[in-house]
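User: I'm new to this one. Can you walk me through it?
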Amino acid sequence: MHVPDGFLSAPVAASTWAGALATLAWALRAERRLPERAPAGTLGALAAFVFAGQLVNLPLLPGTSGHLVGGTLAAAIVGPARGLIVMAVVLAVQALLFQDGGIAAFGANLLAMGVAGAVGGNAVAALAARLRPGVRGLVAGSVIGAFVATLAGAALVALALAGSGLYPAALVLPVMLSLHVPIALVEAALTGAILATVVRWRPDIVRGLQAAGSGGAALGLLVVALAVAAFAAPFASPLPDALEAVAERLGFAAAARGLWPAPAPAYALPWLAAGRASAAIAGLIGTLVAAALAWALTRRLGSARAAEPHG
């Protein structure tokens, strides 16, 4: 669902940037108002895991692939505000280092995958969880929230494309939604499976609780993320994702262009023509950068919280 540069008009890109920055500012304020400090290791490891998860495209419909988005999953573990911060870090690393999503289109991508997933999906999950309190309600609600959030994100992208004059909304919206239904089902299934595993084995990291030993859990999550990037990502499906498939089907794929000289566009290292080894190294680099950036940002937020006057 990563929108590349070239698809959005300047007014639409600017308006989505404004909306994304507004919601990100809300997330940063909300994070500082939370009673407990954000565990930097947990958020760093979670950003690494989401980044690595998005590297693994799975073949779905004929000629189309999809991958984990992770916004609702992140919100279920650390809350919507911190989940949105995690998604912003992941999308920024993807755009800046790998040209996966555009710079001008960053606002649209954050709205479609970060806000729709971490905020919208979490809101749906909270409503669904009221019908079944407890751990099962948390997991079931997140499954529903992930499904709804994926389709909501697809609809937001379709409306942004239509608002940019790229294709009429009456045509691009149903195509985007229909191709994203299988992706939404996969997103829901992965969210439920991963969250159920986390809740069963390490419930201390859910919602960012700083229980004893949570640092070890964060390290374990980081190791899993690195393993996914090194051993699963190189075997990801080469088929286009749903947005790319829509662009090819409707004839506007050629409008995509890179505005930023990313050092490893499309996760290919120009100095290492080694196929899957190149993809593995690029994935490992991105995973570590996402973890370090989220960790540093969270540490910075924690220091700012500690410096505030109390009383």
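Analyst: Here is a quick tour, from the overall fold down to single residues. Keep in mind that this is a predicted model.

User: How many helices and strands are there in the protein chain?
Analyst: The protein chain has 10 helices and two strands.

User: In what order do the elements run from the N terminus?
Analyst: The order is α-α-β-β-α-α-α-α-α-α-α-α.

User: What about the overall size? What is the radius of gyration?
Analyst: The radius of gyration is 19 Å. The globule rule gives 19 Å for 311 residues, so the chain is as compact as a globular protein of that length. Along its principal axes, the C-alpha trace spans about 55 × 45 × 40 Å.

User: What share of the residues is buried?
Analyst: Buried residues make up 51% of the 311.

User: How far apart are the end C-alpha atoms of α2?
Analyst: They are 23 Å apart. At 1.5 Å a residue, α2 should span 22 Å, which agrees.

User: And α7, what span should that one have?
Analyst: Helix α7 runs over residues 169-201, 33 residues in total.

User: Where is the kink in α7?
Analyst: The kink lies at Val181, shortly before the proline Pro182. The bend there is about 40 degrees.

User: Next, α5. Where is its kink centred?
Analyst: The kink in α5 is centred on Ala116 and is about 45 degrees. The helix covers residues 106-129. α5 is mostly covered, with 18 of its 24 residues buried.

User: How many nonpolar, polar and charged residues does the lining have?
Analyst: There are 23 nonpolar, 12 polar and six charged residues.

User: Back to Ala266. Where is that one found?
Analyst: Ala266 is in the loop between α9 and α10. Phi of Ala266 is near 60 degrees, a positive value in a residue other than glycine.

User: Is Ala266 buried or exposed?
Analyst: Ala266 counts as exposed, because its relative accessibility is 63% and the cut-off for exposed is over 50%.

User: What is the phi of Gln99?
Analyst: Gln99 has a positive phi of about 55 degrees, although it is not a glycine. Gln99 lies in the loop between α4 and α5. With a relative accessible area of 36%, Gln99 is partly exposed.

User: Last one, Pro238. Where is its place?
Analyst: Pro238 sits in the loop between α8 (214-232) and α9. Pro238 is exposed, with a relative accessible area of 81%.

User: How far apart are Pro238 and Ala47 in space?
Analyst: They are 24 Å apart, C-alpha to C-alpha. In sequence, Pro238 and Ala47 are 191 residues apart.

Definitions and conventions
Residues numbered from 1 in each chain as written. Predicted model: local features only at pLDDT ≥ 70, side-chain atom pairs only at ≥ 80, totals over all residues. Heavy atoms only, no water. Nonpolar A, V, L, I, M, F, W, Y, C, P; charged D, E, K, R; others polar. Helix = DSSP H or I, 4+ residues; strand = E, 2+ residues; numbered from the N terminus. Expected span 1.5 Å × (residues − 1). Bend = angle between axes of the 7 residues up to and from the residue. Rg over C-alpha atoms; globule rule 2.2 N^0.38 Å. Buried < 20%, exposed > 50% of the residue type's maximum accessible area, 1.4 Å probe, protein only.
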